[in-house]
Amino acid sequence: MSSIPKVMLAARYHLGGEIKIEELPTPSCPPGGLLIKTIASGLCSGELMTWYMDRKAEKAPHVLGHEVCGTVVKSENEAFPVGSLVAPHHHAPCLNCEYCRRGAYVHCTLWKSTRLDPGGMAEYFAVSTENLNDCHIVDNLLPEDAALMEPIACVAKQLRKLNYQPGEPAAVIGLGVMGLLHALMMPGCVAFETNPTRREWAIRQGVDAREPDSSQKFSCVILCPGTKPALDFALEIADFESRIGLFSPLPPEPVALNFESLYMRDISLINSYSCGPKDTQTALEWIKEGRISANHVVTSKIELSELPQAYQDMKSGRILKPMVIFP
Ligand SMILES: [Zn+2]
Ligand SMILES: [Zn+2]
């Protein structure tokens with residue numbers, strides 16, 4: 001293994017949505033944890049939500065990236081030997097508290113406080129011993145597929161919370177990356193998208209992608225865009241006694257909803273925020289089974305230096321999803 005440099009390059013988010021490639025000190029291996037050399041790091045659609053990202057960036061510019069796969073270059077945990085390929089979740093729960101005991105991992109205090117240091121869009125990152133509670137050896141997978149563990153796990157959690165039944169009348173609203181990942185895991189579903197480029201891409205991946213049309217009703221609806229018009233469309237296509245999965249947050253302002261109609265139609269709105277260890281496990285099984293891969297959703301494999309442009313291109317919908325491949 002070649003020696004580890006003292007400084008490295010990383011992509012940082014600055015207030016207002018500007019991405020800069022900057023030199024940062026290479027993190028050291030934390031006690032009981034790992035130092036990873038990054039191989040593949042996907043840009044997450046959540047990182048494009050300016051209101052959400054600016055709230056974090058108000059404190060300090062932060063390194064992007066949490067959909068990662070890399071090689072262990074230093075290890076203080078014998079379960080993760082040097083040289084192994086790993087995919088860590090950026091947050092990991094304690095597995096002991098009340099929330100963890102009932103599977104609500106993302107509400108565990110430890111889950112909220114853990115993170116990869118400094119983030120996945122960096123040449124190296126450190127994984128703390130706590131983060132190893134949701135870190136997986138993926139030697140048998142391609143790094144670019146394993147880097148999708150986290151977004152696919154978010155889909156697994158949403159489908160689990162909705163009690164989605166394969167074959168039921170199901171719809172997905174929005175064919176950005178997350179909508180597409182849902183649609184691929186829901187064979188036979190209908191997916192609605194206004195952007196023709198996204199529709200064409202999804203059709204090539206075998207998805208029944210259509211322009212929005214409310215003539216058909218569905219018992220399970222996945223709402224990906226966090227906007228009021230998209231929510232209204234979801235309510236239009238939701239059948240009696242149906243479930244709508246709210247995959248993304250709406251901006252933090254109150255939204256008017258007709259609760260009487262929701263009640264009389266027996267419609268459930270089910271939120272799904274991020275994912276925990278149960279879901280990362282499911283995601284890795286789906287990847288292993290070949291049900292889903294980077295080829296389905298990654299439209300540009302780029303170098304780190306190309307990320308500032310790719311960020312803007314993904315935000316404007318010109319590309320679906322970039323993934324940085326490190327040399
Ligand atoms: Zn993500
Ligand atoms: Zn816990």
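User: Into which domains is the protein divided?

Analyst: This is a predicted model, where local features need pLDDT of at least 70, side-chain atom pairs count only at pLDDT 80 or more, and totals for chains, interfaces and linings use all residues. Residues are numbered from 1 along each chain as its sequence is written, chains are lettered from A and ligands numbered from 1 in the order written, and side-chain values use heavy atoms, without hydrogens and water. Domain bounds come from an automatic or database domain assignment. The division gives domain 1 (7–148 + 293–325) and domain 2 (154–271).

User: What area is buried between domain 1 and domain 2?

Analyst: The C-alpha centres of the two domains lie 27 Å apart. Contact (heavy atoms within 4.5 Å) takes 13 residues from domain 1 and 16 residues from domain 2. Buried area is the accessible area (1.4 Å probe) that two parts lose on being put together, summed over both. Carbon and sulfur atoms give 71% of the total, which is about 1,200 Å².

User: Which residues in domain 1 lose the most area to domain 2?

Analyst: Three residues together account for 43% of what the domain 1 side buries. They are W51, H296 and L320.

User: How many salt bridges does the rule find across the interface of domain 1 and domain 2?

Analyst: A salt bridge is a side-chain nitrogen of Lys or Arg within 4 Å of a carboxyl oxygen of Asp or Glu. The structure holds 11 of them, including R102 with E98, whose closest N and O atoms are 4.0 Å apart. Across the domain interface the number is 0.

User: What is the arrangement of donors around the zinc ion (ligand 2)?

Analyst: Donors are N, O and S atoms within 2.8 Å of the metal (3.2 Å for Na, K and Ca); water is not among the atoms, so sites may look incomplete. Here C94, C97, C100 and C108 each coordinate through SG, at 2.3 to 2.4 Å. Four donors count as tetrahedral if all angles lie between 85 and 135 degrees. The angles are 105 to 114°, and the site is tetrahedral.

User: Why is the arrangement around the zinc ion (ligand 1) classed as it is?

Analyst: The protein donors are C44 (SG), H66 (NE2), E67 (OE) and E150 (OE), lying 2.2 to 2.8 Å from the ion. Because the 4 donor atoms subtend angles of 86 to 170°, the arrangement is irregular.

Definitions and conventions. Four donors count as tetrahedral if all angles lie between 85 and 135 degrees; four count as square planar and six as octahedral if opposite donors are over 155 degrees apart and all others between 65 and 115; anything else is irregular.
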